[in-house]
Amino acid sequence: MPQGVQADLVFENLPKPAPEGTGHGRHLPRWSPADWPLAVDWAPVVGQFLASQSGQQLGAFIERRLAASAIVYPPQPFRALTLTPLADVRVVILGQDPYHGPGQAQGLAFSVPDGVKPPPSLRNIFKELARDPAVDAEQHSGGSLERWARQGVLLLNTSLTVEEGQAASHAKQGWEALTDQLISAVSAKPKPVVFLLWGAHAQAKQALIAAHHLVLKANHPSPLSALRSPVPFIGCGHFSAANRFLEGRGRGPIHW
C-alpha cells in the first residue's frame, strides 16, 4: 500500500487533543505516533517519515530513553500539526525544541499552557506585540498561543521532543528530517505564507522556502539576543508586517 494512503488510514480518525495540564503528568508516556492526533493533510508527510530509516531510528532512540526512565516532553508531539492543518497555514513561526521544564511544553513553539508562567522568550514576544503600534493585539491572559495556531499560525519546533531539564537533548536524532519536510510542504503551497525566522537556528531553514513567500528575520526573542544587533527582536515589527503581507494578498490578518 502506498505510504501516503497508509498514513491516512493510520491518522484520519484519531481523537481530539487531551486537555492541557501541568506537572510531570504532562509527559510522553510511550513512543506511539499512531495515537497522536494529526490533521489529515499532514498525514502523508508524517507517514512517509515514520516509515523511513530516520523515523525508525528516532522511534528506537526515544523508546530507549523512556526505558531508561527519562521524562520526555511534550505528551503530544504533533499538537502543532493537529491545530493547524497544512491547508490552513498562513504564518510559520519556527522554534528549536520544546521547553524542558515540568508542565511547560505543549507541542507548540514558544507556547505554554495557560496557568504556567511564560518563559522569558515568550514574555519578549508579548512585549513586541504590545510595542508594535500597527498591531491591535488582544490581551494574553496566559501563555498559550493556541488561538494563533487555530488561525493558521504553524508553531513548529525543529525537534518535537526533549528531556526534562536538558535543552536540545533530542536534537539531531531524526526529528529534523521530518520538520524539514513539513517546512518544504508549506513552501510548496501556491498561496503565499509568512515565515518568521527568529535567530540563527531558524534562519538556517531559509533555503527550504520558495521565493513567493515572505521571510522575515530577526534575532531570537531570548533575553540574550532580543535587544542586540544585527536585527533586534524588540522593534522588529514582524507581527504587523506579516498582517500587511497577508491582507495585501487577500488572506486576511492574524488576530494576534
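Let me start with helix H3, which has 15 residues and runs 21 Å from its first C-alpha to its last, close to the 21 Å expected at 1.5 Å a residue. The expected span is 1.5 Å times one less than the number of residues. Helices (H or I, at least four residues) and strands (E, at least two) are DSSP runs, numbered from the N terminus.

Some background on the model. It is predicted, so local features need pLDDT of at least 70 and side-chain atom pairs count only at pLDDT 80 or more, while totals for chains, interfaces and linings use all residues. Residues are numbered from 1 along each chain as its sequence is written, and side-chain values use heavy atoms, with hydrogens and water left out.

Back to H3. Its buried residues are Gly-55, Leu-58, Gly-59, Phe-61, Ile-62 and Leu-66. Buried is under 20% relative accessible area, exposed over 50%, and partly exposed in between, with a 1.4 Å probe and protein chains only. These residues lie on the same side of H3, because they cover an arc of only 160° around the axis; the arc is taken from the directions from the helix axis to the C-beta atoms. On the face turned away from that side are the exposed Gln-53, Gln-56, Arg-64 and Ala-67. The buried side packs against H2, strand E1 (72–73), strand E4 (162–163) and H7, where contact means heavy atoms within 4.5 Å. Just after H3, Ser-69 has a positive phi of about 75°.

Next, H7, residues 175–187. Among its buried residues are Trp-175, Leu-178, Leu-182 and Val-186. The elements covering the buried residues of H7 include H2, H3, E2 and strand E5 (194–198).

Now the core. The largest nonpolar core has 72 residues, and Trp-42, Trp-148, Trp-175 and Trp-256 have the most contacts inside it. H7 gives the most to this core, six residues. Such a core is a set of buried Ala, Val, Leu, Ile, Met, Phe, Trp, Tyr and Cys residues joined through side-chain atoms within 4.5 Å.

Last, Asp-97. The UniProt annotation "active site", from an unreviewed entry, covers Asp-97; such annotations may be inferred rather than shown by experiment. Is Asp-97 buried or exposed? It counts as buried, because its relative accessibility is 18%. Asp-97 sits in the loop between strand E2 (91–95) and helix H5 (120–131). Leaving aside neighbours within four places in sequence, its contacts include Asn-157, Ser-159 and Ala-168. The Asp-97 side chain reaches the backbone nitrogen of Ala-168 at 2.5 Å.

Definitions and conventions. Polar contact = N/O pair within 3.5 Å; in protein donor to acceptor, adjacent residues only side chain to side chain.
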